[in-house]
Amino acid sequence: GFVSFIVAIFLLMVLMILYYGWIPGLVANVGLILNLYFTLGILASLQAVLTLSGIAGIVLALGMAVDANVLIFERTKGIITH
């Protein structure tokens, strides 16, 4: 599970850098890492047990964050070009 998580997060970061460009991709990746960091920090402070459904929730939250990044990027790209 851990190896697949590392491979998936690496591929996601490479994809975001390729899609957005170098600097905006890095900014989006930093936001993604901070999202994961704070989520795991809150879970650790509450001494929550990480179950399979909890891991699925974290993956879903990361997916929604990437989707939000894509929507924001497309909106700002449309505003800038017009």
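How many helices and how many strands are there in the protein chain? There are 3 helices and 0 strands; helices here are DSSP runs of H or I with at least four residues, strands are E runs of at least two, and both are numbered from the N terminus. The model is predicted, so to speak of a local feature takes a pLDDT of at least 70, and side-chain atom pairs count only at pLDDT 80 or more, while totals for chains, interfaces and linings use all residues. Residues are numbered from 1 along each chain as its sequence is written, and side-chain values use heavy atoms, with hydrogens and water left out.

**Figure 1. The whole chain, end to end.** Follow the sequence and you'll read the pattern α-α-α. The C-alpha trace spans about 50 × 25 × 20 Å along its principal axes. Of the 82 residues, 17% count as buried. Buried means under 20% relative accessible area, exposed means over 50%, and partly exposed is in between (1.4 Å probe, protein chains only).

**Figure 2. A look into the largest pocket.** This pocket holds about 380 Å³ of space. Of its 16 lining residues, the closest to the centre are Phe5, Ile55, Ile58, Val59 and Leu62. Helices α1 (2-20), α2 (22-45) and α3 (52-81) each give two or more residues to the lining. A pocket, on a 1 Å grid over the protein atoms alone, is an open set of points where a 1.4 Å probe fits, with protein on both sides within 12 Å along at least five of seven lines; lining residues have an atom within 4 Å of a point. Grid points are joined across faces, edges and corners, and the volume is the space filled by probe spheres set on the points. Sorted by class, the lining has 13 nonpolar, 3 polar and no charged residues. Here Ala, Val, Leu, Ile, Met, Phe, Trp, Tyr, Cys and Pro count as nonpolar, Asp, Glu, Lys and Arg as charged, and the others, Gly among them, as polar.

Figure 3. Val3, Val7, Phe10, Leu11, Val14 and Leu18 make a patch of about 610 Å². To join such a patch, residues need over 30% relative accessible area and no salt bridge, with nonpolar side chains (Val, Leu, Ile, Met, Phe, Trp, Tyr) joined within 5 Å. A salt bridge would be a side-chain nitrogen of Lys or Arg within 4 Å of a carboxyl oxygen of Asp or Glu. The areas come from the Shrake-Rupley method with a 1.4 Å probe. Leucine 11 is found in helix α1 and counts as exposed because its relative accessibility is 52%.

**Figure 4. Leucine 32 in helix α2.** Is this leucine buried or exposed? Leucine 32, which lies in α2, is buried, with a relative accessible area of 1%. Its C-alpha atom is separated by 14 Å from that of isoleucine 6, 26 residues apart along the chain.

**Figure 5. Glutamine 47 in the loop.** You'll find glutamine 47 between α2 and α3. Its phi is near 55°, a positive value in a residue other than glycine. At 70% relative accessibility, glutamine 47 counts as exposed.

Figure 6. Valine 70 counts as partly exposed at 26% relative accessibility, whereas isoleucine 80 is exposed, with a relative accessible area of 69%. C-alpha to C-alpha, the two are 15 Å apart in space and 10 residues apart in sequence.

Conventions
Patch = residues over 30% accessible without salt bridge, like charges linked within 9 Å, V, L, I, M, F, W, Y side chains within 5 Å.
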